[in-house]
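Reader: I would like to learn how to read a structure like this one, step by step. Could you take me through its features in turn?

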Amino acid sequence: MTDGAAPVLDVRDLRTVFRTRGGAVHAVNGVSFSLKAGELLGVVGESGSGKSVTMMSLLRLVPSPPAEVTGGAVLFEGRDLLRLPEAELRRLRGGRIGFVFQDPMTSLNPVFTVGYQIMEPLRVHLGLSRRAARDRAAELLSLVGIPDARSRLSDYPHQFSGGMRQRVMIAIALACNPKVLIADEPTTALDVTIQAQILDLMASLREKLGMAVIWITHDLGVIAGIADRVMVMYGGQIVEHGPVEAIFGNPSHPYTRALLTTVPRVRGERPRRLTVIEGQPPLLTAPPDFCTFRDRCSQAYEICDRLNPQRYPVGEGHDAACFLCDPGLAPQSAAPRVAHV
Amino acid sequence: MLTFAIRRLILAVPTLLFIGLVIFLLLELAPGDPMADQPLTIPPEVREQMRQALGLDQPWWVRFSLWLYQIAVVEPQVLIDHLFGTSFAEGKARIISWQTKFPVMDIIVQRLPQTLWVVGMAYLVGVLIAIPIGIISAVRQYSAFDQIGTFVSMVGFSVPTFFTGVLMIVIFSVNLGWFPSIYNTQLRVTDWDSFLQQLRQMAMPVFVLALYNASQISRYMRASMLDNLQQDYVRTARAKGMTERTVVLRHVLRNSMIPVVTVIALGIPSIFGGAIITEQVFKVNGLGQLLIIAINANDLPMVQTLTFMFAVLIVLFNLIADILYGILDPRIRYD
């Protein structure tokens, strides 16, 4: 965005709606971001903030019905993924764009061998022969740190531990050397040492292949360590976005600040009690025309009920969707809200 | 798997012994007299002699042991003799039907082809149409196809076969005259014409039973597919760039077939049990009809043997269902 490199992925004003029997739920409300080659973009936010749905919408993987991507554009290699014919999109899925899902226990098919499941994209996208695909699958398995890879290809998922299954998922996503890897909480199920291995692996693959990564997580500690840029999501929108140092050093949105206070610190003086952000993310039955964080915000103003803030720049490549950051709107002049109904 | 199968087969022996005993004792307790059909003019002492000839003067445990010996030893020997031309069973008493004074097994073997042709074919047809219907219904849930399929299977499952059977006869035999209403057992398929005739006389009973079977199995198939279509691994397969066809017909179908295959295997013994009502309606003299007649005539050896054969098949197909389950689902290991 800031330096000249062309983005590999450019998402503009993405919108996804779930049409349920109880009415429409607006899960993604105008998300725009871009991803440069080789960069790691961290996406944080609590459950229900729209992180996973946003990323699945990029590849039209949201279950439809009930979900429907209603607007926006996802530009990848000059083409809009949202308007691509199904057959062409399929060639990108698992080929140019890899996807790692969050639940390794259920994300692998229980009745096929691990080898078969890794070989599938290799055979479909790269047209490898059975033998070549098997060789490559063994290579991938040892790449993600599974010992004795070749003999384990004929094992079934239930013969693997949770962490190993997650690594199998990563191996599948990496199979065709994707340009973009979207990883939805890929290390949540892993213990710390394995997590560190996976993080190292990601770093080396990004360097070797120039692969860009979108890393969705709850774990702010991991993000601080590996991300180049961070996107904070809330209510199906990006509320703050910027370089990792800026997000952690100068959080500008009240939600980001609140999130950071929920992280325990190991070093330094013994901290205050860990804080909890009261309440839950809103369930939006219409596109919001108010700030989605207003009900939980300690600094909400009257204007927060009337308008949905745009993303105001607060620094170099750093922006936040909060009226507190609007230079033209001095917060002092806006009337502080006493109570919200 | 092999040790599991052998262990289960060995365990089946006491199970079947027990079942045989229970059937025998229940028939002992049941009211009814095999002599009831005989004319009242027969003097009591002759009547007593006839009872003795049937072995009815013996205590129940002697009669049960004899039956057990005959079904476990003599009848298999007869079969071996028949197949290999040996003479193990020569001079040994077989299980004789009281009603016809003819070996029970010979009658069963005579009746078996009709039942297999009609009921077996209906089961096969039912399964073959139920599986695709279940798949399409699940993939296009709530579509017109699914709605119609749900309605038809609801009707097929809830309307009894004696009603659909008679309805078919009225429409297609009486009014339109397309199909015969009575199944002709004497018909031998020798040429094209007799083959067509056989198809025509099978059409209605097969349709009636296939509708019933398909209704049931397509429901299972649909439910199982729907269950699996929502699983996370389906999303993974899509994210890998698999075609919808591969996703549904490989990833989902393979998983969905596990419970359905079990249901299908467990249903197979019911073929041999015959479709008692449908066989009656269409005058197919298969095993079901044989059982009904034997019960009415107090032909205890026939009832005992037929019921026991069904029990054997049920035990056997339970084992087969378990083995199939183990083959289809790698998570199940019996060792």
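Author: Let us begin with the order of elements in chain B, which reads along the sequence as α-α-α-α-α-α-α-α-α-α-α-α-α. Please keep in mind throughout that this is a predicted model.

Reader: How many helices and how many strands are there in chain B?

Author: Chain B has 13 helices and zero strands. Its C-alpha atoms fill a box of roughly 85 × 60 × 40 Å along the principal axes, and of its 335 residues 31% count as buried. Among the contacts in chain B with a separation of 6 or more, 70% are between residues 24 or more positions apart.

Reader: Into which domains is chain B divided?

Author: Domain 1 of chain B covers 35–97 and domain 2 covers 107–328, and the C-alpha centres of these two domains lie 36 Å apart. Where they touch, seven residues of domain 1 of chain B are in contact with nine residues of domain 2 of chain B. On the domain 1 side, the touching residues divide into five nonpolar, one polar and one charged.

Reader: Is B:Gly126 buried or exposed, and why?

Author: The idea is to count neighbours, and a residue is called buried if 20 or more other C-beta atoms lie within 10 Å of its own. B:Gly126 has 25 C-beta neighbours inside 10 Å, and therefore counts as buried. This residue lies in helix H4 of chain B, and, leaving aside neighbours within four places in sequence, B:Gly126 is in contact with B:Ala210, B:Asn213, B:Ala214 and B:Ile217. As an example of distance in sequence against distance in space, B:Gly126 and B:Gln216 are 90 residues apart in sequence, while their C-alpha atoms are 9.1 Å apart.

Reader: Which residues have the most contacts inside the largest nonpolar core?

Author: In soluble globular proteins, nonpolar side chains tend to be buried together. Here the largest nonpolar core has 148 residues, and those with the most contacts inside it are A:Ile118, A:Leu141, A:Ala171 and A:Ile214. The element that gives the most to this core is helix H4 (residues 104–139) of chain B, with 13 residues. If we follow A:Ala171 and do not count residues up to four places away in sequence, we find that it touches A:Ile118, A:Leu140, A:Leu141, A:Leu143 and A:Val144.

Reader: How many residues of chain A are in contact with chain B?

Author: Across this interface, 23 residues of chain A are in contact with 18 residues of chain B. The elements giving two or more residues to the chain A side are helix H2 (86–92) and helix H3 (114–125) of chain A, and H3(A) has the largest share, with four residues. The residues of that side divide into 11 nonpolar, seven polar and five charged.

Reader: How should I read a strand, and which way do the residues of S9(A) point?

Author: In a regular strand the side chains alternate between the two faces of the sheet. From S9(A), A:Arg229, A:Met231 and A:Met233 point one way, whereas A:Val230, A:Val232 and A:Tyr234 point the other way, and all are buried. Because six of the six residues of strand S9 (residues 229–234) of chain A are buried, the strand is largely enclosed by the rest of the structure.

Reader: In which sense, parallel or antiparallel, does S9(A) pair with strand S10 of chain A?

Author: S9(A) and strand S10 (residues 237–243) of chain A run antiparallel and are joined by six bridges, with A:Val230 opposite A:Gly242 in S10(A). The two strands form a hairpin with two residues between them, and A:Gly235 in the turn has a positive phi of about 60°. With strand S3 (residues 40–44) of chain A, S9(A) pairs in the parallel sense over four bridges, and there A:Gly42 stands opposite A:Val230.

Reader: Where does A:Asp148 lie?

Author: A:Asp148 lies in the loop between helix H4 (130–143) and helix H5 (149–152) of chain A, and has a positive phi of about 60° although it is not a glycine. With 10 other C-beta atoms within 10 Å, A:Asp148 is exposed.

Notes
Residues numbered from 1 in each chain as written. Chains lettered and ligands numbered in written order. Predicted model: local features only at pLDDT ≥ 70, side-chain atom pairs only at ≥ 80, totals over all residues. Domains from an automatic or database assignment. Contact = placed C-beta atoms within 7 Å. Nonpolar A, V, L, I, M, F, W, Y, C, P; charged D, E, K, R; others polar. Core = buried A, V, L, I, M, F, W, Y, C linked by C-beta atoms within 7 Å. Buried ≥ 20, exposed ≤ 12 C-beta atoms within 10 Å, placed from the backbone. Pairing = 2+ DSSP bridges.
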